[in-house]
Amino acid sequence: MCGIGRTLSDVVARKVGRTGAGPVSERRMTFRELQFLWYSDLYRYTGRTSLHLLFSQLLFCDGNVHTNDGFKYSFYLRLCKYLRTAQPRFVMYPLYVVAVRMLCRYRYKFGISLSHATSVGSGLYIGHTTGIVVNDFAVIGKNCNLSQGVTIGQTNRGKRRGTPSLGDNVYIGPGAKIIGGIRVGNNVAIGANCVVLEDVPDNAVVVGVPGRIVSYNGSQDYVNKTDYDKAAKLRG
Ligand SMILES: CC(C)(COP(=O)(O)OP(=O)(O)OC[C@H]1O[C@@H](n2cnc3c(N)ncnc32)[C@H](O)[C@@H]1OP(=O)(O)O)[C@@H](O)C(=O)NCCC(=O)NCCS
């Protein structure tokens, strides 16, 4: 989960033909992209972006109600992803090893198993930590809300063998499970404790076990503070 043995798992993934581009095809991330991801995540929590805010979120997380464990985890998640391919290798690789150690530490501390090998779009929001498990090969789109007890995992056989692929602006309620090689569309809201086993179209609201669509009201009002692109342009 922490990047060890990745080459082998990439080979295996290609052979079994899993869904999700996750760790299989990795492009080098620029520092600007890293900055954008950090700020997009920060904006989802606070509605603001600044270096001062970023450091205060990182430094005063423990036991402080005004700060967010989820952001702290995201910070190292993004950093590991950047350092993994950053150049020059002889400088960046030792930093990568330290960052991975930090991510592993927070993985146990906050109970989040979301690897930096997983493909995660900008604006990730982890409302509450603990019990979050995401398969390395899952794909998460932009502005996803993860809640406590969420599992995004694989199924190992049958017609939906594989891992889920999530669109943009997806809200996943507490305890929800999304499993198998399915596609969840954009602006989807998944209810608390729902078990999603089939493809979900855009704007659907899914509840229950197994998940059924109850409306097409989408994830509006559940997924907020997503206009960080505009905010970044305003700041220049
Ligand atoms: C799925 C969800 C996003 C839908 O919200 P919504 O679009 O406003 O829909 P409604 O609440 O009007 O519910 C629509 C129907 O689904 C049912 N429903 C809603 N959530 C459900 C759930 N988690 N499980 C089973 N049924 C559910 C409602 O009873 C309602 O049924 P009815 O039409 O027969 O009365 C919302 O219900 C939900 O689960 N939110 C999670 C909230 C939460 O856990 N917050 C804590 C965060 S820490």
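Let me start with one residue. D202 is partly exposed, because 14 other C-beta atoms lie within 10 Å. That count falls between the cut-offs, 12 or fewer for exposed and 20 or more for buried. Where is D202? It lies in the loop between β13 and β14. Leaving out residues up to four places away in sequence, D202 touches G185, N186 and N187. There is also a longer reach to mention. D202 and V170 are 32 residues apart along the chain, and their C-alpha atoms are separated by 9.5 Å.

Before going on, a word on the model. This is a predicted model. Its mean pLDDT is 86, and 83% of the residues reach 70 or more. Over residues 1-24 the pLDDT is below 50, although the stretch has 44 contacts in the model beyond near neighbours in sequence. Where pLDDT is low, the predicted coordinates should not be read in detail.

Now the overall picture. The protein has 236 residues, and 44% of them count as buried. I count 6 helices and 15 strands. Take the contacts with a separation of 6 or more: 43% of them join residues 24 or more positions apart.

Next, the sheet. Which strands form it, and in what order? The order is β1-β4-β7-β10-β13, 5 strands in an open sheet with parallel pairing. At the edges are β1, residues 112-114, and β13, residues 195-196, and each pairs on one side only. Look at the β1 end. There, β1 pairs with β4, residues 132-134, in the parallel sense over 3 bridges. Within that pair, L114 stands opposite V134 of β4.

N156 is found between β7, residues 151-153, and β8, residues 165-166. Is N156 buried or exposed? It counts as exposed, because it has 9 C-beta neighbours inside 10 Å. The cut-off for exposed is 12 or fewer. N156 also has a partner to check on your screen.

For contrast, turn to a helix. Helix α4 covers residues 69-85, which is 17 residues. From first C-alpha to last it reaches 26 Å, close to the 24 Å expected at 1.5 Å a residue. How much of α4 is buried? The helix is mostly covered, with 15 of its 17 residues buried.

Now the hairpin of β14 and β15. These two strands run antiparallel and are joined by 3 bridges. The hairpin has 4 residues between its strands, and G208 takes a positive phi near 85 degrees.

Which residues come nearest? Of the 17 residues around it, they are G173, A189, G191, A192 and V207. The elements giving two or more residues to this shell are β14, residues 205-207, and β15, residues 212-215. So what is the shell made of, by class? There are 8 nonpolar residues, 9 polar residues and no charged ones.

To recap, for anyone setting up calculations. The sheet is open and parallel, with β1 and β13 at its edges. The shell around the ligand has no charged residues. And residues 1-24 have pLDDT below 50. Thank you.

Terms used
Residues numbered from 1 in each chain as written. Predicted model: local features only at pLDDT ≥ 70, side-chain atom pairs only at ≥ 80, totals over all residues. Contact = placed C-beta atoms within 7 Å. Near = placed C-beta within 6 Å. Nonpolar A, V, L, I, M, F, W, Y, C, P; charged D, E, K, R; others polar. Pairing = 2+ DSSP bridges. Expected span 1.5 Å × (residues − 1). pLDDT = per-residue confidence, 0-100.
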